[in-house]
Amino acid sequence: MIVGISAYQTKTGLWHHLVDRTDCFEETSGSTYIVYAIAKGINDGLLDPLYRDVAMAGWQGIVSMQDADGS
């Protein structure tokens with residue numbers, strides 16, 4: 001599954017709300033769940049650490065959506 005979902009990560013690090021549809025908006029909550037699952041899998045030894053780059057790009061995409069006031 002990690003190979004499949006990684007292929008749909010956008011250049012911003014996020015995923016579209018329908019991951020295989022580029023005509024849909026990028027969204028943060030689903031992207032957050034994906035990043036968490038990848039990080040958890042790596043930390044628990046279930047995923048190859050090479051997917052760390054996918055998780056970090058996703059995290060940077062999520063953080064980039066935060067406003068100056070934290071919202």
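This is a predicted model: local features need pLDDT of at least 70, side-chain atom pairs count only at pLDDT 80 or more; totals for chains, interfaces and linings use all residues.
Good morning, colleagues. Which residues make up the largest nonpolar core? There are eleven: I2, L14, W15, I34, V35, I38, I42, Y51, V54, A55 and I62. Two helices, α2 (28-43) and α3 (52-64), each supply at least two residues of this core. The most comes from α2, which gives four residues. As general background, nonpolar side chains in soluble globular proteins tend to be buried together.

Is W15 buried or exposed? With a relative accessible area of 1%, W15 falls under the 20% limit and therefore counts as buried. Setting aside neighbours within four places in sequence, W15 is in contact with I5, Y8, Q9, F25, E26, E27, S31, I34, V35, I38, V54 and G58. I5 and W15 are ten residues apart in sequence, and their C-alpha atoms are 8.7 Å apart in space. A polar atom of the W15 side chain, moreover, lies 2.8 Å from the backbone oxygen of I5.

I turn now to the loop between α1 and β1, where Q9 is found. Q9 is buried because its relative accessible area, 19%, is under 20%. The side chain of Q9 reaches the backbone oxygen of G13 at a distance of 2.9 Å. Beyond its neighbours within four places in sequence, Q9 is in contact with L14, W15, V54, A57 and G58.

T10 belongs to this loop as well, which runs between α1 (2-7) and β1 (15-16). Its relative accessible area is 16%, so T10 is also classed as buried. Which side chain does that of T10 join in a polar contact? The partner is T12, at 2.9 Å. Not counting residues up to four places away in sequence, T10 touches H16 and E26.

M56, W59 and V63 make a nonpolar surface patch of about 260 Å². W59 has its place in helix α3. The relative accessible area of W59 is 44%, so this residue is described as partly exposed.

Finally, the charged pairs. How many salt bridges does a search of the whole structure find? The search finds two. One joins the side chains of R21 and D23, with N and O 2.8 Å apart. Within that pair, D23 is exposed, with a relative accessible area of 57%, whereas R21, at 40%, counts as partly exposed. The other is formed by K40 and D44, whose closest N and O atoms are 3.0 Å apart. Here K40 counts as partly exposed at 38% relative accessibility, and D44 likewise counts as partly exposed at 43%.

Thank you for your attention.

Definitions and conventions: Residues are numbered from 1 along each chain as its sequence is written. Side-chain values use heavy atoms; hydrogens and water are left out. Buried means under 20% relative accessible area, exposed over 50%, partly exposed in between (1.4 Å probe, protein chains only). A polar contact is a pair of N or O atoms within 3.5 Å; within protein, one must be able to donate a hydrogen and the other to accept it, and residues adjacent in sequence count only if both atoms are side-chain atoms. Contact means heavy atoms within 4.5 Å. A nonpolar core is a set of buried Ala, Val, Leu, Ile, Met, Phe, Trp, Tyr and Cys residues joined through side-chain atoms within 4.5 Å. Patches are made of residues with over 30% relative accessible area and no salt bridge: like charges are joined within 9 Å, nonpolar side chains (Val, Leu, Ile, Met, Phe, Trp, Tyr) within 5 Å. Accessible areas come from the Shrake-Rupley method with a 1.4 Å probe; for residues, only the protein chains shown count as cover. A salt bridge is a side-chain nitrogen of Lys or Arg within 4 Å of a carboxyl oxygen of Asp or Glu.
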